[in-house]
Amino acid sequence: MLNVNGDAVLATLRTLAGFGAVGSGVCRPALSPADLAARRWLAGEMERIGLKATIDAVGNLYGAAPGAGRSVLIGSHSDSVPTGGWLDGTLGLAYGLEIARAWMEAHPGAPVGIDLIDFSDEEGRFLSCLGSRSFCGDLPGLPAGFAEEAASAGLDTTGMGTAPPLRLDPQRHRAFFEAHIEQGPRLEAAGLPIGVVTGIFGMRRYAVRFDGRADHAGTTPIALRRDAARLLYRFADACHHRFRQAGSTDSVWNLGKVSLQPGAVNVVVERGELLLEFRDLDPVALDGLSAALAMLVDEFDGQEGVRVSLEEAGRLAPVSLDPTLRGLVADAAAARGARSMPLPSGAIHDAMVLARSVPTTMLFVPSIGGRSHTPVEDTRAEDIVLGAHVLAQAVFACAESL
């Protein structure tokens, strides 16, 4: 049986953590010098184990197994949020590098290979999952500011110099595996080391706007004010209670940003905006939450002389992951004597984009305290190594079936 080197996985993770290190965390926003340095180092590691490495026009790094006509693709991302942790994204890359090395050593020049990809801008400095969208041909245009930053980083988005955007090849790329830290508390709470991801939550994002009237805050009686802020706060409180009734047991929501104008302590607020989102794996639940929000807007519109309006600001449809590949991960965990559990992902991953074009699955390992997107993000070394062995066995089984 092929096996992987857990110490090599940990060494790769520690090296990647040095790029953009800030205390115990990392700061590697897409196309930043730290991000590009990490990708170039990883490209060298791909070449060292025998993969042919290419960094394309949007920053995707792809390592192809030479001579292979069919492959299992493993991938994730090495960019981070500004206050990121050392494992978010890089876990899947470290696994993939070691799994590809083991396969190539055992099957040199085989017609079935294992490829590795590091997607650009998963975290959304410019656009969430930009690299995987580009790879799947689902990027109609570059977002504002990207081309300038790419040029400064030495990339050529015109495709006239460096490699043009890489594309998914259905004839070659027969399956996609992504490993990730859970970024939540469920596995740790259950005392289980492996999560088999059933699907990835869809997301609906909205802007709720409140239009009142600016007045002097010291001279205008409370009863005569058209205070956009006061109604916004009441609305925000009502959202929580209404969404609990409308969503499923898995639904989550966040009232993430409030802006008030003119923003002076001695002026009654004239305009307010509340940005919120909700997520669920069930499209029916998402529809129910959208309907509940629209009804709430109708109920509040006109109260206290304030107009309330709603605008959709973005949406992603939920995806279910491939049941056959999920079965390979569950079987691999059982073969290693590791208990696992099925669970959905509330976080967005590149696998969400790939799953619309190629059979896809994900494996989670526990996050200590459920923490992520923070420098305290961590996972026990033994869980990291176990996850590498489980993913390797699942990927090898998949490759042997192609």
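In which hand does α2 pass α3? Let's work up to that crossing and then explore some strands.

This is a predicted model, where local features need pLDDT of at least 70, side-chain atom pairs count only at pLDDT 80 or more, and totals for chains, interfaces and linings use all residues. Residues are numbered from 1 along each chain as its sequence is written, and side-chain values use heavy atoms, with hydrogens and water left out.

**Exercise 1. Describe how α2 packs on α3.**

Step 1. Find the elements: helices (H or I, at least four residues) and strands (E, at least two) are DSSP runs, numbered from the N terminus. Helix α2 covers residues 33–49 and helix α3 covers residues 90–106.

Step 2. Recall that two packed helices are described by the angle between their axes and the distance between the axes. Axes are lines fitted to C-alpha atoms, for helices over the stretch in contact, and angles run from 0 to 180 degrees between N-to-C directions. For α2 and α3 the angle is about 15° and the axes are 10 Å apart. Therefore α2 is roughly parallel to α3 (angles under 35 degrees count as roughly parallel, over 145 as roughly antiparallel, 65 to 115 as roughly perpendicular and the rest as oblique).

Step 3. Now the opening question: α2 passes α3 in a right-handed crossing. A crossing is right-handed if the near helix is turned clockwise from the far one by less than a right angle, and left-handed if anticlockwise.

Step 4. Look at the contact (heavy atoms within 4.5 Å). From α2 come Leu42, Glu45, Met46 and Ile49, and they meet Leu93, Leu97, Ala100, Arg101 and Met104 of α3. Seven of the residues in this contact are nonpolar, none is polar and two are charged. Here Ala, Val, Leu, Ile, Met, Phe, Trp, Tyr, Cys and Pro count as nonpolar, Asp, Glu, Lys and Arg as charged, and the others, Gly among them, as polar.

**Exercise 2. Find the strands that pair with β4.**

Step 1. Two strands pair if DSSP finds at least two bridges between them. Strand β3 (residues 52–55) runs antiparallel to β4, with four bridges joining them. Across this pair, Ala53 stands opposite Gly63.

Step 2. Check the hairpin of β3 and β4: five residues lie between the strands, and Gly59 has a positive phi near 100°.

Step 3. Three bridges link β4 to strand β6 (residues 112–119), again antiparallel. Leu61 has Asp118 in β6 as its bridge partner.

Step 4. See where the side chains of β4 (residues 61–64) go: Leu61 and Gly63 point one way, Tyr62 and Ala64 the other, and all are buried (under 20% relative accessible area, with exposed over 50% and partly exposed in between, using a 1.4 Å probe and protein chains only).

**Exercise 3. Is Ala207 buried or exposed?**

Step 1. Locate Ala207 in strand β9 (residues 202–211).

Step 2. Ala207 counts as buried because its relative accessibility is 3%.

Step 3. Ala207 touches residues including Glu273, Leu274 and Ser309. Leu274 lies 67 residues from Ala207 along the chain, yet their C-alpha atoms are separated by 5.7 Å.

**Exercise 4. Which residue of β15 is the bridge partner of Ala179?**

Step 1. Strand β7 (residues 173–181) runs parallel to β15, with six bridges between them. The partner of Ala179 is Leu363.

Step 2. Strand β8 (residues 194–200) runs antiparallel to β15 and has two bridges to that strand. There Val196 also has Leu363 as its bridge partner.

Definitions and conventions: Lists of a residue's contacts leave out its neighbours within four places in sequence.
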